[in-house]
Number of protein chains: 4
Amino acid sequence: MQAIIKARPEVGLELADVPRPVPGPRDVLVRVSKTGICGTDRHIYEWDAWSAGRIKPPLVTGHEFVGIVEDTGVAVRSVRPGDRVSGEGHIGCGYCYACRTGQTHICENVDILGVDITGCFAPYVVLPESNIWKVDPAIPDDQACLFDPFGNAMHTVMAQPISGRQVLVVGCGTIGLMAVGILRVGGANLVIAVEPNPKKRELAKVMGADIVLERVDAKTIKDATDRGGADVVLEMSGHPGAIVKAFDCVRNAGDIALLGIPPGEVSITWAEQIIFKGLTLRGINGRRMFQTWYQCDRFFRQHPTLIEPLITHRLPFDEFEKGIKAMQDGSACKVVLDWTDAKT
Amino acid sequence: MQAIIKARPEVGLELADVPRPVPGPRDVLVRVSKTGICGTDRHIYEWDAWSAGRIKPPLVTGHEFVGIVEDTGVAVRSVRPGDRVSGEGHIGCGYCYACRTGQTHICENVDILGVDITGCFAPYVVLPESNIWKVDPAIPDDQACLFDPFGNAMHTVMAQPISGRQVLVVGCGTIGLMAVGILRVGGANLVIAVEPNPKKRELAKVMGADIVLERVDAKTIKDATDRGGADVVLEMSGHPGAIVKAFDCVRNAGDIALLGIPPGEVSITWAEQIIFKGLTLRGINGRRMFQTWYQCDRFFRQHPTLIEPLITHRLPFDEFEKGIKAMQDGSACKVVLDWTDAKT
Amino acid sequence: MQAIIKARPEVGLELADVPRPVPGPRDVLVRVSKTGICGTDRHIYEWDAWSAGRIKPPLVTGHEFVGIVEDTGVAVRSVRPGDRVSGEGHIGCGYCYACRTGQTHICENVDILGVDITGCFAPYVVLPESNIWKVDPAIPDDQACLFDPFGNAMHTVMAQPISGRQVLVVGCGTIGLMAVGILRVGGANLVIAVEPNPKKRELAKVMGADIVLERVDAKTIKDATDRGGADVVLEMSGHPGAIVKAFDCVRNAGDIALLGIPPGEVSITWAEQIIFKGLTLRGINGRRMFQTWYQCDRFFRQHPTLIEPLITHRLPFDEFEKGIKAMQDGSACKVVLDWTDAKT
Amino acid sequence: MQAIIKARPEVGLELADVPRPVPGPRDVLVRVSKTGICGTDRHIYEWDAWSAGRIKPPLVTGHEFVGIVEDTGVAVRSVRPGDRVSGEGHIGCGYCYACRTGQTHICENVDILGVDITGCFAPYVVLPESNIWKVDPAIPDDQACLFDPFGNAMHTVMAQPISGRQVLVVGCGTIGLMAVGILRVGGANLVIAVEPNPKKRELAKVMGADIVLERVDAKTIKDATDRGGADVVLEMSGHPGAIVKAFDCVRNAGDIALLGIPPGEVSITWAEQIIFKGLTLRGINGRRMFQTWYQCDRFFRQHPTLIEPLITHRLPFDEFEKGIKAMQDGSACKVVLDWTDAKT
């Protein structure tokens, strides 16, 4: 079958013929309909330092998908051929402390789809049954292939209470924009979004932000909030400069959820910026399995077009490079690939 | 009356005659019996950058005390002359969001005894009734004057569950050592203490640490704990190098409580050290008013000699400088001053 | 001045002349503009068993109000004459464990306005400064006099997470209806309301309930929810029969918040209905001081007409009996009295 | 092989020959060394109403065990023959909401070992790999076969914070006594135990209770605690009369954990006993999988003889009836059976 692979340890991705994966007794084989391109896929394309240290070519990439069950292993009980499914790309070991205490999302031996193991940028993908998620009929394919990034946003938002609270979202890439939408329908009192890219600032308004700023401007944010600062900051930029400033925008005893991945170290004045303020910080990784998926399912069903504006590009699978270029030049938010016509 | 004051913006503290404070209608006048010298007092003595920016001489210093109520304002109802009391040195404004939601310890307009307002290094001190704490008869004076630092330790320990958990205490100054003691009788499964000063390492053993290390050695700590890292880290050193290493000693999904005050910025690799691990960090300031005091009261009553080994120096008030020198050369842990013979 | 008083230990309330209250040094005197009639006032009118055991006539009744500060004691700092205010009617002792740990709403020595001490059904009322709440200009008087019942609803809703959750509200009296409104704008995924009174069922739809039922019908509720039961039940009926059935409508590991006051004992099968399901139950009393007030303030400002449909009767103060009759015959939801023309 | 079975729907258990169970691909076959007799086994023996409604004879009974892995299915990776293991007797379906969100202990389709499926009162037992727990060498067999009841106690204790708190344990059967021991070494400030059986009251003292009472006497308990009531009540009696009284022994805003199974309904005055006090109640079922197991493992290792005094009877397997009789007449606490000599 055709697949988008990282063939060699260098910049780029390419279409190639690879063998169709074969499900084991506890696995599910899925005929992929749509996939989303993640920022991680772009990093792999660009072969940055992180990719070079982690990826072992050749590798089929991709981890955001929706499709139809084609076949199941003999021990599979919860889905059958014809079911429409997506899936969690973090495959826990099942044996470590995290896995045995309901925290598989931080399994110490995790394998990630399209990063550590064969991914979903192909007409077929295999996942363990325990990672499969049945998709509700009310959720269209274009959005159902985005459970993974939407789940990152959901996990970050739900890491602290939000009903009636004033929230600052730092960084409006796709996940930050999804968070804005979740906050809006999820009962936040005030949503302030910060993003340098003007197109994405425009999308932040569309998603329901009350105030949209180009930069983290502590004075403006403090003036806009009730207690001289946001109750909650969702850090989704991974930009060290923005992070440092964001700590000045949260009130005493506030919450900060950290999802954005800074490229190196972050240096802040802990005494004034964390300790004296009595803040709580939470590092957020992946999606809670499967609390976050249940939450996403409900939000999607209740608001079936919530993230529709974020899908800026719909392309056939073999134009994936056009999608990555659009992500690189800032013109794309979410790019969805269609695998209908791929050679199987 | 005699008092230990910061007379001028320069190094040193001195004994001087000052007027006896007069209680307002909601205040309590206390005849001070014993006081503790805090690291903060030493900073004020040394006139470091923080002191120079905050203290307005002349000022009576000191905030750790026990004494006997001498007089009360007309509106005071809960104590009367003859009662033995200590008191919370953080005086909240009573009107801000923190004060009106049970979080006075992070009041945005706080006045601190002996820092912003006239302190307790004198035979008499005045506090609002709402800051006064009646001392149980079972608690001897030498320990009752230490509710404030013991409360810092208690607040830090109690910021997350500890029963049955494996805890790393980084930094065994007086408060770190108190935390070791609280953890031991409070049900921790394993207590690892780190401290470069050999005398304080010895005290850490006395207080009940299972393992005492000179430096934050991630390998040793990971080997000693069940899940490749402590469940909880209590950061009480304020030492940037130790802090960075401490983050490598906590397991995924662990808790870090930050009490130690680093002198400037702290730079760490947020992705690997916080985000991917799914950690929770909490900045700890002061004592919860008055949950922490109730907790301290019970621990003191249940274990009346728990912190006795930490009182290394008992001096008459006019030998305070000897106490500060002993703190500076590392020979002292806690220094307690006796105010019996002070000129009133 | 004129006031609505319980003059004798028997059915009824009456208008009478009483002395204008005089503020102490820490008190605030308020010229009352509007008051709400609470179900508690109706109980006092009807002189039920609870009233007969608690109220000591003669007593000025009433505890829901908004007005203008007329005068302040000498020690008052946060408000001044001309400020528009409401106030918390639970006056804590300030000295018990609850009061000293941020839980004044369950003070063991509480005095309640219009129940234990002189109330607000009069042109003037006195409250301690610490119980006064400044009202935002965006909130009209008719709603500002309802902070107290709206706060009961808010406290109950906010006792557990609600964003994205499916919630059953049992009992749509005024407070239940307010809870429906808070849930709707506060991010609940599904709101099911149960109420026998058809007018109030109609109001439940107006407030935003997705499903409105006449009775607690476990089958219908289980079918309407995702996991065979609501995530959260808010018990606001105080009706023993409804309570018992409500326990069958919550999913395993769900939350139940109990606000409605049953007249006597409630008998349920604890094993099947609580223990095996792993439920969490929370008794809710009053309003958290002042977290709940801050939350109400935000909801009122964000949705200034949210509870407007619930005010079914606006009467001059001297027609209070007409209001109580309308509450008794089920035709009224909230009755607001105007005190403009009362003799002062 | 020999096994203790419920052969027919009537009183009694008997030894019989049954086929040795065969492990499936994901199962583990264990050679049983020791088993504990649970109160549930006694109920099955006595064929009470619950048993008659749930058990389908013929059935091999028993669910508390330790043994040595004899064989494993082909898909098993975490244990191998020769490993010493115990196991969790609640076998979740793996597909329901509870199972997919880390709450398998309240799986809606649970199968319980020795209740719904073939149990461990036999020389061999089969469990899914995911239910197997490797036993630390430091824990002797006699205690390792008691992870299940000890886990009930641990789950109940750990459902709320206990360090420094005053706790009332109502009912000192085996699990209540284990809870007393966990509270003692887990950092509780005061442990009050209530139990009518004088032998068990004696054991409560041995386990470390500070105060041991014959009945729930609210006055004595309020006088013994700091705030007019315990911070926490652990209800382990299942006795309706004791439950009702226990609610009068907890302070405002306290916590009640409910483990004991009352035979029918429990009737209490919700207003005064739950709502006005602002209590939190938690229904406790089974053991958290596997947080509770990790906690038990640490307590056992740290205190290897903690529950030793509770094992009052050690019998060969074929004297099981003597054990049940001793449980019935109140002379036994825990009965451990030895399966070494059983016919395999």
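The model is predicted. Chain B and chain D bury about 1,500 Å² between them. Over all chains, the structure holds 103 salt bridges.

**The contact of chain B and chain D**

- Chain B gives 20 residues to the contact, and chain D gives 20 residues.
- The size of an interface is often stated as the accessible area lost when the parts come together.
- Here that area is about 1,500 Å², with 34% of it on carbon and sulfur atoms.
- Between chain B and chain D, 18 residue pairs are in polar contact, with both residues at pLDDT 80 or more.
- On the side of chain B that touches chain D, two elements give two or more residues: α6 (174-185) and α11 (291-302) of chain B.
- Of these, α11(B) gives the most, with five residues.
- By class, this side of chain B has six nonpolar, seven polar and seven charged residues.

**Salt bridges across the interface**

- Six salt bridges are found across the interface of chain B and chain D.
- One pair is B:Arg298 and D:Asp226, whose side chains meet at 2.9 Å, N to O.
- Another salt bridge links the side chains of D:Arg301 and B:Asp226, at 2.6 Å, N to O.
- D:Arg301 sits in helix α11 (residues 291-302) of chain D, while B:Asp226 sits in the loop between α8 (218-224) and β14 (230-235) of chain B, so this pair joins two chains.

**Symmetry of chain B and chain D**

- Two copies of a chain are related by a rotation about an axis and a shift along it.
- The same surface serves both copies, as 100% of the contact residues of chain B recur in chain D.

**Symmetry of chain A and chain B**

**The three-stranded sheet in chain A**

- Three strands form an open, antiparallel sheet in the order β2-β1-β4 (chain A).
- β2 (14-17) and β4 (59-60) of chain A are at the edges with a single partner strand each, so one side of each is left without a neighbour in the sheet.
- Strand β1 (residues 2-6) of chain A is joined to β4(A) by two bridges, and the two run antiparallel.
- A:Lys6 stands opposite A:Leu59 in β4(A).

**The three-stranded sheet in chain C**

- In chain C, three strands form an open sheet in the order β2-β1-β4, with antiparallel pairing.
- Its edges are β2 (14-17) and β4 (59-60) of chain C; each has a single partner strand, so one side of each lacks a neighbour in the sheet.
- Strand β1 (residues 2-6) of chain C pairs with β4(C) in the antiparallel sense over two bridges.
- C:Lys6 is opposite C:Leu59 in β4(C).

Note on methods:
Residues are numbered from 1 along each chain as its sequence is written. Chains are lettered from A and ligands numbered from 1 in the order in which they are written. This is a predicted model: local features need pLDDT of at least 70, side-chain atom pairs count only at pLDDT 80 or more; totals for chains, interfaces and linings use all residues. Side-chain values use heavy atoms; hydrogens and water are left out. Contact means heavy atoms within 4.5 Å. Buried area is the accessible area (1.4 Å probe) that two parts lose on being put together, summed over both. A salt bridge is a side-chain nitrogen of Lys or Arg within 4 Å of a carboxyl oxygen of Asp or Glu. A polar contact is a pair of N or O atoms within 3.5 Å; within protein, one must be able to donate a hydrogen and the other to accept it, and residues adjacent in sequence count only if both atoms are side-chain atoms. Helices (H or I, at least four residues) and strands (E, at least two) are DSSP runs, numbered from the N terminus. Ala, Val, Leu, Ile, Met, Phe, Trp, Tyr, Cys and Pro count as nonpolar, Asp, Glu, Lys and Arg as charged, and the others, Gly among them, as polar. Two strands pair if DSSP finds at least two bridges between them.
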